[in-house]
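Subject: Structure handover

Hi,

Here is the structure I promised to pass on to you.

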Amino acid sequence: MPITVERAQENPLYLHILVYKTESYWAQAMNAKQKVTNKTHANPRRAKQFIIKKMKRAHESAEELLKTAQECLDGYSLYEVEAYQALTSGLFFIEKDMFSEALDNLLKAKVIYSKIGSLKDTLEAIIYEEKVGQIDTFIRLCATKLRTNANDIKLQEQDSLEQSITSAK
């Protein structure tokens, strides 16, 4: 039973199914990656293909979530889904060694999470700061691979994105 926009508009909990689907693919990829790291996987080359396949499915599922959410959500919730999709895509592109695309997505996720965190109360702000800290690690990785300085990198549409988040309800 596919999750349609109509179903999600009727009951927003259907969006949770898309999140769970994305997280499931992601968890399968990370489990395989852990096995390769621990050298318990019989065929590391085949595992790499499996990891990329599952991460691609997570990336596609996150895009489906965003497309559906754009019709059902507004305000901060929609921006959070957008950041989640950008983060998932960024990590997928890192795995594919597509560091420029990864960097663009990670910067977008960082800007959204930073701005939403700055507008939340103390406890929620700490959670967002932690998420931004995790994203910074991946941004530094991409900057190193692209031979650029991580401090000099800024998302081109950062100012307009921050303004639209501030005006969201």
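This is a predicted model: local features need pLDDT of at least 70, side-chain atom pairs count only at pLDDT 80 or more; totals for chains, interfaces and linings use all residues.

Let me start with the helices. Helix α2 (residues 14–37) packs against helix α4 (residues 75–95) at an angle of about 25°, and their axes are 13 Å apart. Angles under 35 degrees count as roughly parallel, so α2 and α4 are roughly parallel to each other. The crossing of α2 past α4 is left-handed. On the α2 side the contact involves V19, T22, E23, W26 and K33, and on the α4 side Y84, T88, L91 and E95. Sorted by class, that contact has 4 nonpolar, 2 polar and 3 charged residues.

Now to the salt bridges, which come to 6. Three of them may interest you:

- E95 and K33 pair at 2.7 Å, N to O. Because E95 lies in helix α4 and K33 in helix α2, the pair ties together parts 62 residues apart in sequence. E95 is buried, at 9% relative accessibility, while K33 is partly exposed at 32%.
- K108 and E82 have their closest N and O atoms 3.0 Å apart. K108 sits in helix α5 (residues 99–118) and E82 in helix α4, 26 residues apart. K108 is partly exposed at 23% relative accessibility, whereas E82 is buried at 16%.
- E64 and K21 come to 3.2 Å between their closest N and O atoms. E64 belongs to helix α3 (residues 44–72) and K21 to helix α2, so this pair ties together parts 43 residues apart in sequence.

Finally, shared partners join K33, K48 and E95 into one salt-bridge network.

Best wishes

Note on methods: Residues are numbered from 1 along each chain as its sequence is written. Side-chain values use heavy atoms; hydrogens and water are left out. Axes are lines fitted to C-alpha atoms, for helices over the stretch in contact, and angles run from 0 to 180 degrees between N-to-C directions. Helices (H or I, at least four residues) and strands (E, at least two) are DSSP runs, numbered from the N terminus. Angles under 35 degrees count as roughly parallel, over 145 as roughly antiparallel, 65 to 115 as roughly perpendicular and the rest as oblique. A crossing is left-handed if the near helix is turned anticlockwise from the far one by less than a right angle, and right-handed if clockwise. Contact means heavy atoms within 4.5 Å. Ala, Val, Leu, Ile, Met, Phe, Trp, Tyr, Cys and Pro count as nonpolar, Asp, Glu, Lys and Arg as charged, and the others, Gly among them, as polar. A salt bridge is a side-chain nitrogen of Lys or Arg within 4 Å of a carboxyl oxygen of Asp or Glu. Buried means under 20% relative accessible area, exposed over 50%, partly exposed in between (1.4 Å probe, protein chains only).
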